[in-house]
2 protein chains.
Amino acid sequence: MAARFGFEVLSENGGARRGRLTLAHGVVETPAFMPVGTQGAVKGVTLAQVEALGAEIILGNTYHLHLRPSDALIARAGGLHAFMGWSRPILTDSGGFQVFSLAGRRTVSEERVVFQSHLDGSECWLSPESAADVQARLGSDIAMVFDECVKWPVTRDEAAAAMQRTLRWATRGRARFEALSSGTATDVTPSNPGQAQFGIIQGATFKDLRDESVAGTVSIGFEAYAIGGLSVGEPTDVLYDLTGHTAAQLPPAAPRYLMGVGMPDDLVNCVARGIDMFDCVLPTRNARNGQLFTRRGPISIKNAQFAEDSRPADPDCSCPTCRAHSRAYLRHLYMAGEMSAAALNTVHNLHFYLDTMRGIRKAIEFGRFDDFKQGFLDAYTRPQRD
Amino acid sequence: MAARFGFEVLSENGGARRGRLTLAHGVVETPAFMPVGTQGAVKGVTLAQVEALGAEIILGNTYHLHLRPSDALIARAGGLHAFMGWSRPILTDSGGFQVFSLAGRRTVSEERVVFQSHLDGSECWLSPESAADVQARLGSDIAMVFDECVKWPVTRDEAAAAMQRTLRWATRGRARFEALSSGTATDVTPSNPGQAQFGIIQGATFKDLRDESVAGTVSIGFEAYAIGGLSVGEPTDVLYDLTGHTAAQLPPAAPRYLMGVGMPDDLVNCVARGIDMFDCVLPTRNARNGQLFTRRGPISIKNAQFAEDSRPADPDCSCPTCRAHSRAYLRHLYMAGEMSAAALNTVHNLHFYLDTMRGIRKAIEFGRFDDFKQGFLDAYTRPQRD
């Protein structure tokens with residue numbers, strides 16, 4: 001158990017939990033949304049802007065940072081926090097999701113995954129042990145164990161095989177993490193002695209496989225547990241059903257992290273099912289494509305209807321973009337190809353996500369989460385996705 | 001004379017002047033540098049970042065804004081300040097420089113310049129009167145009169161013809177400006193009743209033509225005067241010589257604006273020659289190309305020598321980029337193609353320019369401008385340009 005890791009459930013409201021996560025670089029109030037900082041930067045904005053928006057933890061990608069600028073270089077700089085100039089908590093993924101996305105450019109064996117770098121085609125590999133090593137060098141506050149992800153749809157046999165391999169890899173990854181944390185392994189020097197490691201539940205959309213994955217992963221023992229392999233194309237009702245089913249079996253004393261989810265209404269619906277932590281590229285990626293989230297649903301700022309619209313992106317929003325700028329100006333910047341379009345849109349979308357989490361936390365504290373959820377879902381019009 | 005325009009020389013130090021410019025949207029301490037906001041945005045950064053850096057005035061481009069989103073749309077939004085969400089002063093150029101840069105896509109007559117839009121090839125035109133109209137709709141604090149620019153090198157006859165046409169156009173542009181300001185012309189409603197208009201001195205590198213341009217332009221009478229047609233390729237000593245020669249003849253009671261200049265050492269050397277206002281794309285454009293200005297001269301952040309350099313871009317700098325980030329991180333962001341590379345580099349370069357102006361102003365106040373200039377030039381290594 002990492003020395004500085006702690007989690008406290010402050011209050012509960014049905015399945016929803018209001019908690020406080022203590023990590024080596026600070027406290028994270030939960031339920032929390034983690035902006036994605038793939039290459040050591042949150043796309044479109046500066047870290048000062050991310051900090052000003054109130055993000056308490058961000059995510060970094062092991063795969064990307066391993067390839068460029070390399071975890072060795074980052075370790076020599078003192079770890080990812082020092083390298084980036086970001087002093088709050090960081091979670092790093094294991095690289096698994098990226099590596100398994102490289103279809104046709106990777107070879108999976110029991111020992112490891114060999115893949116070609118998307119940057120220069122050079123041959124690289126990651127294993128449960130090396131993913132732990134890379135993350136130890138990066139020095140994130142939360143490291144994720146190396147897992148095998150499958151796409152949707154998948155056969156039961158494929159899902160079972162990937163889940164069982166994930167369990168075997170979890171045993172190896174945890175052993176390596178413990179050897180690094182305890183100082184038994186001396187060939188890699190961890191940049192952050194307070195790093196925690198989360199296990200990942202797999203099993204696709206098969207509940208009995210999810211159950212087996214939970215039992216096996218919890219028996220290995222991690223600081224906390226994530227639900228992986230969802231939000232990969234399955235219908236929303238399946239996502240919610242599997243999330244609720246899996247979260248209910250996870251140890252209540254540890255935070256539950258739903259990986260890669262999701263749309264704003266997904267956050268609300270999955271908090272209701274016991275999730276404490278989320279990450280997703282949607283607020284940042286969609287901002288760069290001109291989609292702005294609002295309390296009434298997303299709008300596409302490039303639409304001609306906004307050319308002379310003097311209202312802010314979301315009239316109910318207090319973010320720096322909405323306080324200063326009209327939809328007409330944001331549309332102009334987008335159409336003119338100005339970089340600040342991406343920055344202003346990203347500031348707004350991240351604020352929307354982080355503010356939704358603030359609203360969720362406050363609602364749970366006051367025992368009014370059901371009202372909050374109903375009000376949010378009544379106002380929010382979801383675009384077609386499924 | 002625009003109602004709210006004022007200029008006061010607070011102190012002088014040799015040729016250098018410490019002044020205060022009062023405009024409809026606020027006060028500008030001079031000597032001042034104006035960041036360029038071509039399309040209603042300073043490239044790479046948000047206006048909140050520009051404001052936080054202490055910029056007291058920015059520049060907008062009449063040509064670009066006329067074409068997109070159009071001065072008519074901006075007027076309906078209440079003018080450029082309201083459209084952009086920027087409450088401090090704005091200067092708009094006349095469009096002349098951009099139009100004359102469209103070699104092969106424009107036809108100049110005494111009446112007007114007909115040109116093809118760089119956006120869609122459609123036929124457009126600007127004249128002394130229409131340039132005043134567009135700027136009245138934009139509602140900038142300072143409008144520039146429409147002039148004819150020539151490239152370097154140019155024959156004496158070409159320079160004389162362009163200078164004399166600029167004088168004739170100045171008479172027409174001023175008459176239109178006064179008709180708009182006084183309400184005699186009612187077909188265009190100015191967005192900013194406190195708008196001032198500056199005349200522009202031409203004459204290329206011929207001192208007698210510059211003299212004739214000064215005499216003619218001053219006799220028409222503008223709130224202040226700009227030196228145009230320099231920094232178009234001529235050697236630096238010619239730029240300095242012509243600047244000093246021309247500035248000395250301009251009315252001392254009005255601010256003097258040197259258009260499109262320049263490198264950091266140009267600012268210092270031209271303040272010494274009596275210049276009060278500058279604009280230039282170099283700090284923003286070069287930032288996007290990875291060039292960072294420092295007190296010892298510019299560095300190219302993409303160079304491999306910075307891959308593990310833990311120092312800030314400029315160790316003597318107090319800007320948000322240098323306070324938070326290392327050269328190694330900035331290089332990583334640049335090499336990884338992250339947008340925040342442009343933002344962080346632009347923040348630094350604009351800070352460097354604005355801070356150089358703060359240093360210049362303080363030095364003049366204390367009667368130590370010569371020492372400041374010598375110290376600056378001794379430390380600053382200029383890259384090859386001429």
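Helices, here and below, are DSSP runs of H or I with at least four residues, numbered from the N terminus. The model on screen is predicted.

**Stop 1: the end of a helix in chain A**

Select residues 327-335 of chain A, which form helix α13. This helix is mostly covered, with 7 of its 9 residues buried. To see which ones, colour A:Arg327, A:Ala328, A:Tyr329, A:Leu330, A:Arg331, A:His332 and A:Leu333. Then move on to A:Gly337, which follows α13(A) and has a positive phi, near 70°.

**Stop 2: a loop residue in chain A**

Go to A:Thr38, in the loop between β5 (36-37) and α1 (47-52) of chain A. Is A:Thr38 buried or exposed? Its relative accessibility is 14%, so A:Thr38 counts as buried, the cut-off being under 20%. Show its contacts next: leaving aside residues up to four places away in sequence, A:Thr38 touches A:Leu59, A:Gly60, A:Asn61, A:His64 and A:Leu65.

**Stop 3: two helices in chain B**

Select residues 207-220 and residues 236-247 of chain B, which are helices α8 and α9. Two packed helices are described by the angle between their axes and the distance between the axes. Here the axes come within 10 Å and cross at roughly 35°. The crossing of α8(B) past α9(B) is right-handed.

Which residues meet in this pair? From α8(B), display B:Lys207, B:Arg210, B:Asp211 and B:Val214; from α9(B), display B:Asp241, B:Leu242, B:His245 and B:Thr246. The residues of this contact divide into 4 charged, 2 polar and 2 nonpolar.

Note on methods:
Residues are numbered from 1 along each chain as its sequence is written. Chains are lettered from A and ligands numbered from 1 in the order in which they are written. This is a predicted model: local features need pLDDT of at least 70, side-chain atom pairs count only at pLDDT 80 or more; totals for chains, interfaces and linings use all residues. Side-chain values use heavy atoms; hydrogens and water are left out. Buried means under 20% relative accessible area, exposed over 50%, partly exposed in between (1.4 Å probe, protein chains only). Axes are lines fitted to C-alpha atoms, for helices over the stretch in contact, and angles run from 0 to 180 degrees between N-to-C directions. A crossing is left-handed if the near helix is turned anticlockwise from the far one by less than a right angle, and right-handed if clockwise. Contact means heavy atoms within 4.5 Å. Ala, Val, Leu, Ile, Met, Phe, Trp, Tyr, Cys and Pro count as nonpolar, Asp, Glu, Lys and Arg as charged, and the others, Gly among them, as polar.
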